[in-house]
Amino acid sequence: MILSCQNISKAFGTDTIISGGSFHIEEHEKAAIVGINGAGKTTLLRIIVGEMEPDTGTVALSKGSTLGYLEQHQDVNSTATIYDELLSVKQDVLHMERRLRSMEQEMKHLSGDALSQLMEQYNRISTEFEHQNGYALQSEVVGVLKGLGFAEEDFSKQICTLSGGQKTRVALGRLLLSAPDILLLDEPINHLDLNSITWLENYLLNYSGAVLIVAHDRYFLNKVVSKVIELDNGHIMSFTGNYSAYAQKKAQLRESAWRAYLNQQQEIKHQEAVIAKLKSFNREKSIRRAESREKMLDKIEVLEKPTEVRADMHLRFSPQIVSGNDVLTVEHLSKSFPGITLFRDLNFTIKRGEKVAIIGDNGTGKTTILKILNELERADTGAFTLGSKVHIGYYDQEHQLLHMDKTLMEEISDVYPDMTGTEIRNVLASFLFTGDDVFKYVRDLSGGERGRLALARLMLSKSNFLILDEPTNHLDITSKEILEEAIRNYSGTVLYVSHDRYFINQTASRILELKNQALINYIGNYDYYLEKVEELTKAYAPALHQETQQSDTSSSRQDWARQKEEQARERKRQNELKKTEERITALEERSSEIDDLMSREEIFTDVAKCMELSKEKADLLEELDVLYEKWTELSE
């Protein structure tokens, strides 16, 4: 075990973020921390690295182990170049290399014992230098830089001139080269393109140390991790397996929790009904039974109602009017910037109802295409035509369409002046902005919050052609799933850029890959794209599909038969229960009649009649005892 967290708790004011959570990481293990935005994932990482103190609990790192931490945001203003910044991580190796070169020069002027001593020292340092991969050091640095998406012409750029995303990639490269015993990575793939994400997956899979990751890319988690640590409502729970295994197990646990909760509620209501019925019989034995059941009911530990899966976030895009069948036609589109040609002579069309994803490496011009279509950039050559009755709704990944100096209320009301304050509050609440949140300024929102606000504006637009630039950036997995469902159910047309392979797979009906300044068309989702790119075939699919269909048909028939049998048993039980209750009622009434008769003078003075009624009463009570037992069994 390399890392152990025991009984960790953390609260900010009245908000409990983590409540007595424990987990551990084994050596060489690859694990992920998952949870909705605000669940406390970053807080947990900061507690582990010592940047924040827990309220209770301990964090223990195995003796002699080293830890490396990648934060989400990097504020680096070094004047060093990208290459030199990464090379500086290996200063000890560089120092060994300089020492070896110096020794080689010294050897030319030595002999005898002095030479022997220097040779011994040289061999020792040389062995360590080789162990530290010194001979391939520069290749290793270049490999990491290229893997993270830097071209060779970028190597000489100064760190202080880079964007925030590029600085994060540099910090990630430094961390990977430093090779600590355990890597803590907070959203490491937010600024990586598909090729870089794939490279990082393979790098981490082959990494000799342990890795603990916070990420929302489900493809990435599926490939890299073998353990998932969930943060849910302050509770920590560990699951063995990748993300899909976790999601399946979590769904089973949630379903089991709901089933147990509903069954218990049903049992409580049933027992209360039985108690009420037993009391209504108004017999000493039935009342004792009712009291016994009441005591049992009081001892039941009532289960808490399970939490819903982000049931409070609602997203539904509804086009106001239907567009023509031809939504977009792009002809001979080209765009260059000084020193770089992004693309040339692009031609493609989009039909009504299509969900089209544009994919490609960073810097190839994907976002530029969307900006041209929204007339935020001018093309060098070519043109595009929108079809009849097409109305665009645009989601900008940098949220430049939002006004930083407005409150959330103003952001909506200024665009939709006919909406009342209550209507605006209701819309914002459906995107998890409640209470005083609506008076926050846009500039004070996190990336994920700005994304939700932009989605709220987009939902209200009633557009029939959505153009989305990285819509899943900064969204947690649950919010992504809600957006996926909204897009799948959307009757309009969608064109989007995304690096989230799982999202693409769930939503795209067609993929356009921007590569070598041209577009390659794939008619299918991301799995289909991978099949075609890797030239794989699945000849067994038709047979497998037929076999599955036959299995499903057989299973359906068996389910139908079991259902009919169960329905017949239930009807029989209900009939017997009804007859039993009717018989109990008749006997109770006759018992009361006998009591009334035996209180009359003409009866209690008639010995023969009294004996007759007494025997009837005894037989009646005996039958009632049997009927009470039967009724209890049938009502269970």
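**The sheet and a helix pair**

S5 and strand S6 (residues 182-186) pair in the parallel sense, over four bridges; two strands count as paired if DSSP finds at least two bridges between them. Strands (E, at least two residues) and helices (H or I, at least four) are DSSP runs, numbered from the N terminus. The model is predicted, so local features need pLDDT of at least 70 and side-chain atom pairs count only at pLDDT 80 or more, while totals for chains, interfaces and linings use all residues. Residues are numbered from 1 along each chain as its sequence is written, and side-chain values use heavy atoms, without hydrogens and water.

Within this pair, Tyr69 stands opposite Leu184 in S6. Helix H6 (residues 164-178) lies across S5 and S6 and runs at about 170 degrees to S5. Such angles run from 0 to 180 degrees between N-to-C directions, with axes fitted to C-alpha atoms, for helices over the stretch in contact; contact means heavy atoms within 4.5 Å.

The whole sheet is open and has six strands in the order S5-S6-S7-S3-S8-S9, with mixed pairing. Strand S5 (67-70) and strand S9 (235-240) are at the edges with a single partner strand each, so one side of each has no neighbour in the sheet. On average, neighbouring strands are turned by 15 degrees against each other, direction ignored.

Elsewhere, helix H9 (residues 243-281) packs against helix H10 (residues 284-299) at an angle of about 155 degrees, with the axes 8 Å apart. H9 is therefore roughly antiparallel to H10, a term for angles over 145 degrees.

Methods
Angles under 35 degrees count as roughly parallel, over 145 as roughly antiparallel, 65 to 115 as roughly perpendicular and the rest as oblique.
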